Amino acid sequence: MRKSWDLQTDVLVVGYGLAGGVAASIARDGGAEALILEKNEYPGGVSIFAGGAIRCIEDLEEGLQYLTAISGGRMEPDMIRTFAEGLAGNEAFVRKLAEVDGAEVKKMNARSGVYPYPGQGTIYSVRVAKIPDFNGFPWMNCYLNPAGVNMIKLIMDNVESRGIEAMFSTPVRRLETDESGAVIGAIAEKDGREIAVHARKAVILATGGFEQNDWLKKQFLQGMPFHSMAPLSHTGDGILMAQKVGAALWHMWHLHGSYGFKTPDSPIAYRHPFPGPRNPNRKMTWIVVDKQGSRYMNEYPPAPQDTGHRAMEIFDPDLPGYPRIPSLVIFDEEGRKRGPIAKPLGFPGYEYEWSDDNSVEIEKGWILKANSIGELAVAIKERFPENEARMDAERLEATVAEWNGIVKTGKDRFNRPAGTMMPLINPPFYAAEVWPIITNTQGGPVHNARQQVVDPFGQPIPRLYAVGELGSFFGHLYELAGNLGECFTSGRIAGANAAAEERLA
Ligand SMILES: Cc1cc2nc3c(=O)[nH]c(=O)nc-3n(C[C@H](O)[C@H](O)[C@H](O)COP(=O)(O)OP(=O)(O)OC[C@H]3O[C@@H](n4cnc5c(N)ncnc54)[C@H](O)[C@@H]3O)c2cc1C
């Protein structure tokens with residue numbers, strides 16, 4: 001066991017996104033000293049890029065039914081109940097946090113869960129609509145959704161008002177344990193040297209996901225490659241550190257994602273521009289086809305930024321390869337004019353504004369243009385090496401003709417709603433590659449209802465907790481706004497339990 005420490009605290013929180021900020025605040029309220037170590041120069045993690053919708057539940061029993069349905073038999077009832085109770089308390093909790101700076105917390109209009117399961121109607125969201133005298137951070141650019149940025153400001157105000165210290169540019173590298181296996185601190189890196197931090201009560205891992213860890217993606221996701229929208233620093237550090245001290249893993253296959261764009265100029269992928277729950281009467285301008293030109297999925301599922309990647313992931317051993325990675329979006333002149341097909345987030349250092357009519361991206365060659373569908377197939381073969389051997393002009397022409405028939409009847413075997421359909425009849429025609437895109441991952445260390453990290457035999461690893469999307473509740477179907485909802489629920493459970501641990505000498 002280590003004899004000397006550079007720093008001491010009661011509760012060490014690793015990662016200053018939303019979940020870390022909540023956990024530290026609640027640990028402090030529980031009478032513990034708290035310290036946050038953050039890898040990046042600024043707080044916020046993925047949380048600051050979020051739309052800012054925070055899931056809540058009105059009626060606990062109905063909420064339980066709904067969460068049970070979306071868990072698909074993969075979660076234990078006690079875990080579902082704890083999560084439902086947490087979501088039922090979220091609105092009051094966020095309103096309480098808002099007292100610190102007068103933030104305006106608003107209920108969002110849409111009052112329903114995403115999926116048509118029992119209890120759907122009891123699900124709703126709140127967001128931090130405004131904070132007096134706050135207009136964003138100078139270090140974050142303004143394309144972002146203000147509600148996500150406000151939410152981080154709210155949590156920062158809570159952390160600061162409690163006098164909690166946060167150290168930035170201080171990545172934690174590993175956990176320290178005693179001879180019994182209890183976690184008693186961590187080793188971090190600061191200014192090129194290692195510092196040892198003693199956590200006299202507990203360590204709470206709040207390091208987010210593994211969106212940018214290629215090795216973990218290769219090991220745990222079926223399709224490859226997956227590109228990601230998260231900051232490059234999101235390399236699943238908390239997963240690896242928890243594994244090293246004996247944690248079991250869960251939900252590693254599951255992610256909040258869809259299909260989207262990866263351009264040569266940015267290591268960060270771009271979403272398509274359909275957010276939130278599906279609007280069955282909003283026109284989507286494209287269809288998605290595989291490398292041979294066949295349509296194979298509902299391009300506009302109930303949560304358009306989620307599950308869209310799932311149909312892409314199949315591997316065909318006869319090819320061999322992934323016949324749907326990358327796929328192509330196909331649209332026509334009418335579609336081109338209706339708005340940008342991609343919506344980049346404004347990552348510092350990688351800002352890009354997609355042109356309103358897609359013309360700049362056509363000029364750049366990211367979008368191909370041709371006068372007929374047959375010519376488009378030839379252009380696809382020539383331009384995209386991935387598709388070279390496979391794109392079949394006759395197949396693509398047949399697919400588009402079939403699609404135009406589907407639009408007339410409004411009946412699609414993949415269940416795309418009629419109100420979202422547009423025919424592809426006005427030349428010129430366009431194509432762009434699309435890939436499976438990760439918004440955020442859900443996998444990580446398994447935790448119990450107290451947010452304690454557990455080993456493969458279900459035993460808690462003493463004094464170690466995990467919160468937020470690191471080992472998220474969601475392991476089957478993601479509920480929109482649920483990750484932020486979970487940052488609040490898991491942060492307050494872990495914060496309170498960590499503060500209640502016996503203090504080591
Ligand atoms: C575009 C977008 C929109 C979204 N919209 C919504 C939404 O509206 N509602 C919703 O519920 N969810 C949404 N999500 C998902 C949600 O934002 C995330 O799941 C959630 O914010 C994760 O919070 P977190 O605190 O667990 O992790 P993060 O916010 O990612 O924080 C983790 C922090 O840990 C730090 N860290 C990592 N490794 C280390 C280390 N070794 N040492 C120290 N620090 C480390 C990171 O730098 C980061 O700051 C969205 C995600 C994206 C990308």
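1. Basis of the values. The model is predicted, so local features need pLDDT of at least 70 and side-chain atom pairs count only at pLDDT 80 or more, while totals for chains, interfaces and linings use all residues. Residues are numbered from 1 along each chain as its sequence is written, and side-chain values use heavy atoms, with hydrogens and water left out. Helices (H or I, at least four residues) and strands (E, at least two) are DSSP runs numbered from the N terminus.

2. Helix 4 and helix 5. Helix 4 (residues 90-98) packs on helix 5 (residues 146-161) at an angle of about 65°, and their axes are 9 Å apart. Axes are lines fitted to C-alpha atoms, for helices over the stretch in contact, and angles run from 0 to 180 degrees between N-to-C directions. The crossing is left-handed (the near helix is turned anticlockwise from the far one by less than a right angle; clockwise would be right-handed). In contact (heavy atoms within 4.5 Å) are Val94, Leu97 and Ala98 of helix 4 with Leu154, Ile155 and Asn158 of helix 5. By class, five of these residues are nonpolar, one is polar and none is charged (Ala, Val, Leu, Ile, Met, Phe, Trp, Tyr, Cys and Pro count as nonpolar, Asp, Glu, Lys and Arg as charged, and the others, Gly among them, as polar).

3. Helix 10 and helix 11. The axes of helix 10 (residues 373-383) and helix 11 (residues 393-409) come within 8 Å and cross at roughly 130°. The two helices are therefore oblique to each other (under 35 degrees is roughly parallel, over 145 roughly antiparallel, 65 to 115 roughly perpendicular and the rest oblique). The crossing is right-handed. Ile373, Gly374, Ala377 and Ile380 in helix 10 meet Ala393, Leu396, Glu397 and Val400 in helix 11. This contact has six nonpolar, one polar and one charged residues.

4. Cysteines. The count of disulfides (pairs of cysteine sulfur atoms within 2.5 Å) is zero. The sulfur of Cys487 lies 13 Å from the closest cysteine sulfur, that of Cys56, too far for a bond. Cys56 is buried at 1% relative accessible area, and Cys487 is buried at 8% (buried is under 20%, exposed over 50%, partly exposed in between, with a 1.4 Å probe and protein chains only).

5. Helix 7. Asp237, Gly238, Ile239, Met241 and Ala242 are the buried residues of helix 7 (residues 237-244). Their cover includes strand 1 (7-14), strand 9 (193-205) and helix 6 (214-220). Just after helix 7, Gly246 has a positive phi of about 105°.
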